Amino acid sequence: MSEPVADSASNARDRHFMLLAQAAAEQARAVGEVPVGAVLVRGDEVIATGFNHPIGGHDPSAHAEMAALRAAAGALQNYRLPGCELFVTLEPCLMCAGAIMHARIARVVFGARDPKTGACGSVVDAFANRQLNHHTTVVGGVLEDACGAALKAFFADRRRASREARLARLAGATEDASLGDSASTPAETR
């Protein structure tokens, strides 16, 4: 399972980079995607950012982590990213955990836990398997409340919009039915 957040100087650093990941998540929300953002860092330098875009990209692998890993690999001209850290607003899924391991990321810091697909201890703990040839340190719960609130607000807005659209369709169908009745009334009264 992921480590608890320690009270230390790294905690302020972790919060700083998580705020940048939250800004990337806002980019996803702005285009109608689930608001998850990621920032890949080497030392104190941001190498790449990424945000969720599987819907717009027609790509099931277009998670924030994957976008950041691809951009960083391109920027560094290397598919291996040793010594790098990945900050992401939502606990990585199994697909992203595999890519993180293959990229040789040294450390993952995530915000909100994912009780449905989280691969850092919520559902499975991919990083705890000592048989694997690369080991990544994982820290969870950095700005967890804020990261979780952004996701909850997004899905609440989506449910509200869906409900309003359904009600509008029902109101339109009712209006169409009543117009159809009144349009036939003059001919029926003759």
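**Reading the annotated sites and the largest pocket**

Q: Where does His63 lie, in a helix or in a loop?

A: His63 lies in the loop between α2 and α3 (64–76). Such labels rest on DSSP runs, numbered from the N terminus: a helix is a run of H or I with at least four residues, and a strand is a run of E with at least two. The model is predicted, and local features need pLDDT of at least 70, side-chain atom pairs count only at pLDDT 80 or more, while totals for chains, interfaces and linings use all residues. Residues are numbered from 1 along each chain as its sequence is written, and side-chain values use heavy atoms, with hydrogens and water left out.

Q: Is His63 buried, partly exposed or exposed?

A: The classes come from relative accessible area: buried is under 20%, exposed is over 50%, and partly exposed is in between, using a 1.4 Å probe and protein chains only. His63 counts as partly exposed because its relative accessibility is 23%.

Q: Which residues does His63 touch, not counting residues up to four places away in sequence?

A: Contact means heavy atoms within 4.5 Å. With that sequence limit, His63 touches Phe51, Asn52, Cys93, Met95 and Cys96.

Q: Which residues does UniProt list for "binding site"?

A: UniProt positions are given in the numbering used here, feature names are shortened, and annotations may be inferred rather than shown by experiment. The unreviewed UniProt entry lists His63, Cys93 and Cys96 under "binding site". These residues are spread over 34 residues of sequence, yet they cluster in space, with a largest C-alpha distance of 9.2 Å.

Q: Where does Cys96 lie, and what does Cys96 touch?

A: Cys96 lies in helix α4 (residues 94–102). Its relative accessibility is 0%, so Cys96 counts as buried. Not counting residues up to four places away in sequence, Cys96 touches His63, Glu65 and Met66.

Q: How many disulfides does the count come to?

A: A disulfide is a covalent bond between the sulfur atoms of two cysteines. Here the test is a pair of cysteine sulfur atoms within 2.5 Å. By this rule the count is 0. Cys93 is in no disulfide, and the nearest cysteine sulfur, that of Cys96, is 3.7 Å away. Cys93 counts as buried because its relative accessibility is 13%. Cys147 also counts as buried, at 3%.

Q: Which residue does UniProt list for "active site"?

A: The unreviewed UniProt entry lists Glu65. Glu65 is in helix α3, and at 3% relative accessibility it counts as buried. Not counting residues up to four places away in sequence, Glu65 touches Ala38, Leu86, Val88, Leu90, Glu91, Pro92, Cys93 and Cys96.

Q: What volume does the largest pocket have?

A: On a 1 Å grid over the protein atoms alone, a cavity is a set of points where a 1.4 Å probe fits but cannot get out, whereas a pocket is an open set with protein on both sides within 12 Å along at least five of seven lines; lining residues have an atom within 4 Å of a point. Grid points are joined across faces, edges and corners, and a volume is the space filled by probe spheres set on the points. The largest pocket has a volume of about 540 Å³. Of its 23 lining residues, Val34, Leu90, Asp114, Leu151 and Phe155 are the closest to its centre.

Q: What residues make up the lining of the largest pocket?

A: Ala, Val, Leu, Ile, Met, Phe, Trp, Tyr, Cys and Pro count as nonpolar, Asp, Glu, Lys and Arg as charged, and the others, Gly among them, as polar. The lining divides into 11 nonpolar, 4 polar and 8 charged residues. α2 (54–57) and α5 (144–189) each supply at least two of the lining residues, and the largest share, 5 residues, comes from α5.

Q: With which residues is Ala112 in contact, leaving aside its neighbours within four places in sequence?

A: Ala112 is in contact with Thr89, Leu90, Glu91, Glu144, Cys147, Gly148 and Leu151. Ala112 is found in strand β4 (residues 107–112) and counts as buried at 4% relative accessibility.

Q: What phi does Gln77 have?

A: Most residues other than glycine have a negative phi, and most peptide bonds are trans. Gln77 is not a glycine, yet its phi is positive, about 55°. Gln77 is in the loop between α3 and β3 (84–90) and is exposed, with a relative accessible area of 69%.
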